[in-house]
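Subject: Handing over the two-chain model

Hi there,

Here is the structure I promised to pass on to you. Have a look at it first, and then read on for what turned up in it.

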Amino acid sequence: MGGVLTEQELQYLEEKLQRKANEIEQDIVGAEWSEHCSYKSSKKYLRLLPTKGGRVIVAPGYDAGVLDLCDGYVLTVHIESHNHPSAVEPFGGAATGVGGVIRDIMSMGTRPIAVVDALRFAPITGKSKSVAKSKWLFKNVVKGIAEYGNCIGIPTVGGEIEFDSSFEDYCLVDVASIGFGRKEDIIANQAEIGDVIVLAGGSTGRDGIHGASFASKALQAENRSAVQIPDPFLEKLLLEATMEAIKHGCIKSIKDLGGGGLSCCLSETSDNLGRGFDVELSRVHAREEGMTPNELMISESQERMLYVIDSTKLPALQSILDKYEIRYTILGTVQEHQDLVVRRDGSVVAQMPSHLVAHAPLADRASRCPKYLDRIKSVKQPRAPANLGKALLALLANPSIASKRWVYHQYDHEVGVRTVVKPGAGDAAVMRLDNGKLVAVKLDGNSKHCYLDPYQGTLGCLSEGRRNVICTGAEPVGVVDHLQFASPEDPEIFWTFTQAVNAIVDYCKFMDIPVVGGKVSFYNETVNGPIKPSPVIGTLGLVDDASHVTRSALQKDDSIFVIGHTSPEMGGSEYYEYYHGITGGPVPQVNLQTDKQNASAVLKLVRSGLAGCAHDCSKGGLAVALAEMAIAGRTGFKVDLSSVPNSCKALDELMFSESHSRYVIGTKEPEEVRRILPSEGVAFAEIGKTASSIKFVQGKKTIRLTLKQLQISYESLEKTMQS
Amino acid sequence: MAPPKIGIAVFPGSNCDRDVHHVVNNLLGIQADFIWHTKDCITGYNAMIIPGGFAFGDRLRAGIIAAHSPIVQEVKRMAMDGLPVLGICNGFQILVEAELLPGALMMNDSLRFVCRWTKVQVQNNRTPFTSQFDKMQAFDIPVAHGEGRYVADSEILKELKKKNQIVLQYSNDDPNGSTDLIAAICNEEGNVMGMMPHPERASENLLTINGRNDAITIFRSLISHLQQQEQQKAIA
């Protein structure tokens with residue numbers, strides 16, 4: 001045990017304590033000062049993010065971002081990852097990832113209404129010998145998310161999945177949840193001396209020991225004991241009991257037990273409340289005999305919540321917990337001092353100032369532009385295939401692009417009777433709220449772009465998120481970020497992290513949109529090497545009127561418009577990476593002004609009802625976007641590609657470039673759209689109409705396909721998973 | 001004439017209880033109350049709905065623990081008294097485990113949980129839950145279950161057909177491999193029905209895939225049945 005603190009950290013701790021730290025104290029601090037819990041490498045940079053303004057309600061110690069809907073209701077949002085555990089034990093790792101983020105939403109006093117997830121694996125097709133393992137990971141991660149979300153009754157409504165060889169023997173599992181509730185029910189996080197600290201939920205066992213530290217190192221040996229065991233049924237009981245306790249005004253502060261177990265939960269809650277805690281470990285209901293104080297303090301056993309309550313409310317809370325047959329224990333009381341005092345059978349085994357425990361000394365990380373970037377800046381342009389139609393079909397069958405029906409049919413995405421835009425039907429999930437408004441939510445990432453240019457790649461994720469919610473008729477109101485990188489101790493890796501942060505700062509300031517939550521995950525690497533930089537952006541949008549909600553399916557007799565300019569920016573495109581096996585080249589650049597103008601023009605078209613359908617161009621470019629709209633609408637189209645605003649020299653570039661800020665819309669009133677768009681200052685063109693089959697025309701050249709061909713390729717994931 | 005009241009059974013792990021409540025109470029304006037599973041005496045309710053979810057976390061087998069809870073003993077009594085009892089999804093599984101309905105619900109033939117929209121057709125429109133449908137009327141409705149494949153031996157099937165107990169059938173779009181495409185069955189008397197699809201999820205145009213909330217007719221039929229019964233009582 002112990003030994004997680006670096007020598008300097010231990011020295012710092014003992015200087016502050018003005019004495020030696022005992023082994024238990026070292027373990028408590030070791031858990032809390034792990035990268036996972038302390039953000040010691042990233043905190044300085046995260047302070048740059050625009051986290052205030054707009055609808056954001058800020059308060060100390062909130063586990064989730066809170067957005068004020070200004071009518072007595074609030075939305076909460078939080079994002080987490082569970083990468084290391086999922087790479088070792090995909091089912092349990094992914095399931096407990098869902099559990100953790102749901103508890104964060106509950107901790108705010110809101111009911112979770114949706115889960116979305118962003119998943120990354122190594123390729124599940126092709127000849128690589130890692131294909132079987134990647135499929136195993138993919139299959140079981142999906143199963144873990146499904147079992148947990150389905151059982152607890154929170155719909156899993158969307159997300160995104162990317163496959164890239166940098167995730168070999170590994171995976172990224174990001175889960176975000178949104179909550180909805182009354183503003184008056186938001187937990188105030190205030191406590192008085194004498195208040196009671198209650199630990200409720202699952203028993204504490206030896207599972208998940210050193211989980212946070214495990215997640216703060218590169219994945220080397222398979223460390224299964226660091227993975228927690230999921231119990232969605234218990235979490236469901238905790239959810240209902242917590243909601244009931246909040247309704248009865250029982251709770252002053254809540255915190256879920258996640259990474260770092262009791263160590264982090266107690267020290268952070270005590271620090272947030274500005275009050276000392278005195279707790280007795282012998283009261284913890286343990287799963288196994290003979291657990292040491294260290295183990296009890298750092299176990300990450302799941303489905304546990306900490307409540308701070310007024311002692312007079314204890315009987316009310318007890319009767320609620322009894323109703324749900326949830327085990328609980330009165331762990332201790334709130335004290336006048338500012339320390340975390342931990343006892344075992346009455347005697348103090350650890351005593352440290354909570355503020356000290358909760359605030360790790362920040363690490364200074366060196367940062368240096370990676371050498372690999374020079375190597376991949378320019379690549380030899382590949383020869384375009386003779387049959388671009390076949391290339392399109394190949395891209396549609398690419399698991400990063402293909403329909404994720406196989407995945408979302410395993411998720412209960414309807415429970416809760418809120419899901420208006422369902423998985424696969426639109427660019428973002430849209431959930432109906434009790435106040436008549438709707439919330440759109442989407443996660444976006446692009447490891448391939450971010451590897452080639454972490455700054456532009458991250459801007460691209462933000463732009464894509466914005467485009468996605470705009471297409472559904474929503475106005476973006478906030479983003480969450482999940483920054484996933486390899487070791488921050490590597491200056492070249494750390495540089496990519498700082499670039500991603502800069503991009504979020506620049507984009508969000510320009511768009512005047514707050515970052516309402518986020519998470520950093522470092523040390524995502526295996527013996528095979530580091531993962532590609534993988535920031536994932538979650539975008540939230542609001543729709544005021546259900547009639548504005550728009551999906552992506554082309555409708556019969558639609559005229560088709562493209563908004564936005566297509567440039568030959570092929571670096572990191574699925575066409576280069578998946579089809580040609582090329583890594584390198586110029587990455588799509590985001591022009592912030594253009595991005596804003598295009599989004600605002602499209603939102604106008606969507607909200608006025610002129611655009612009957614809307615879809616953004618992202619992975620696979622314009623050709624894939626059109627194909628997806630055709631498949632969704634079960635209709636063909638005929639488009640003239642030469643009319644598309646572009647600066648491409650070749651047809652393959654025009655079809656598959658992943659230039660940002662582009663949209664495709666379908667309309668029944670083309671004259672009106674042609675009349676409106678010029679005043680919006682956007683590049684646009686009417687490129688064609690729906691038809692019975694698929695035709696891309698450029699000059700004398702015509703690429704012909706049938707809708708059936710598109711469908712077969714696009715729906716290939718089920719077959720891939722069975723083979 | 002007293003307005004009808006509907007009880008919604010809630011077990012630890014039920015998760016469609018609030019959705020059903022929303023439809024009955026908010027959309028249709030009929031009082032619906034949650035009744036916790038430990039309740040062993042239920043009075044004043046004209047019908048019971050057992051909603052979907054994972055009662056007791058589907059431990060041992062879906063529905064089996066719930067089937068032995070106090071509330072289900074009351075539901076059995078109410079069913080004997082002729083009161084309408086509707087089980088949806090996990091509620092259907094519970095009714096089968098409680099032996100209020102014959103047959104069994106097994107793992108889907110895909111061996112995976114399936115959540116998607118499908119179409120069902122009304123085979124029997126003479127139950128309290130389907131009286132407002134036309135016979136053979138087809139409508140869209142979602143399913144969401146891991147163990148929804150209805151199976152029964154040939155004797156039971158013969159009886160079900162003879163006594164017109166097959167209420168809903170999947171119309172050629174079978175999500176789980178059920179025998180004879182069975183999506184819903186009722187008991188001999190017709191007052192107890194179990195269905196795998198979720199009518200509460202298809203009761204508002206906004207939430208449906210084609211803008212048609214035909215499935216709300218399940219609840220409308222039930223309410224109209226209860227109102228008629230109250231009227232008859234009032235006349236008597």
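Let me begin with the domains of chain A: the C-alpha centres of domain 1 and domain 2 of chain A are 40 Å apart. The bounds, which come from an automatic or database domain assignment, are 7–358 for domain 1 and 365–402 + 550–723 for domain 2 of chain A.

Before going further, please keep in mind that this is a predicted model, in which local features need pLDDT of at least 70 and side-chain atom pairs count only at pLDDT 80 or more, while totals for chains, interfaces and linings use all residues. Residues are numbered from 1 along each chain as its sequence is written, and chains are lettered from A and ligands numbered from 1 in the order in which they are written.

**Where the domains meet**

Contact between the two domains involves 8 residues of domain 1 of chain A and 5 residues of domain 2 of chain A (two residues are in contact if their C-beta atoms, placed from the backbone, lie within 7 Å). On the domain 1 side, helix 7 (131–152) and strand 5 (156–163) of chain A each supply at least two residues. Helices (H or I, at least four residues) and strands (E, at least two) are DSSP runs, numbered from the N terminus. Strand 5 of chain A gives the most to this side, with 3 residues. By class, the domain 1 side divides into 3 nonpolar, 2 polar and 3 charged residues. Here Ala, Val, Leu, Ile, Met, Phe, Trp, Tyr, Cys and Pro count as nonpolar, Asp, Glu, Lys and Arg as charged, and the others, Gly among them, as polar.

**Two helix pairs in chain A**

In chain A, the axes of helix 9 (residues 232–247) and helix 12 (residues 314–323) come within 9 Å and cross at roughly 155 degrees. That makes helix 9 of chain A roughly antiparallel to helix 12 of chain A. Axes are lines fitted to C-alpha atoms, for helices over the stretch in contact, and angles run from 0 to 180 degrees between N-to-C directions; angles under 35 degrees count as roughly parallel, over 145 as roughly antiparallel, 65 to 115 as roughly perpendicular and the rest as oblique. Ala241(A), Glu244(A) and Ala245(A) of helix 9 of chain A meet Leu317(A), Ile320(A) and Leu321(A) of helix 12 of chain A. This contact has 5 nonpolar, no polar and 1 charged residues.

The other pair is helix 15 (residues 388–397) and helix 22 of chain A, whose axes come within 10 Å and cross at roughly 70 degrees. Helix 15 and helix 22 of chain A are therefore roughly perpendicular to each other. Their contact is made by Leu392(A), Leu395(A) and Leu396(A) of helix 15 of chain A with Ala623(A), Val624(A) and Ala627(A) of helix 22 of chain A, and its residues are 6 nonpolar, no polar and no charged.

**The sheet in chain A**

Helix 22 (residues 621–633) of chain A also lies across strands 22, 23, 24, 25 and 27 of chain A, at about 135 degrees to strand 23. The sheet is an open one of 7 strands in chain A, in the order 23-25-22-26-24-27-28, with mixed pairing; two strands pair if DSSP finds at least two bridges between them. Strand 23 (611–616) and strand 28 (701–705) of chain A are at the edges, each with a single partner strand, so one side of each has no neighbour in the sheet. The twist averages 20 degrees from one strand to the next. Strand 23 of chain A runs antiparallel to strand 25 (residues 663–667) of chain A, joined by 5 bridges, and Ala614(A) stands opposite Ile665(A).

Strand 1 (residues 5–10) and strand 3 (residues 47–50) of chain B run parallel, with 3 bridges between them.

How many residues of chain B are in contact with chain A? There are 21, and they touch 22 residues of chain A. Strand 6 of chain B gives the most to the chain B side, with 3 residues. By class, that side has 10 nonpolar, 6 polar and 5 charged residues.

Enjoy exploring it!

Best wishes
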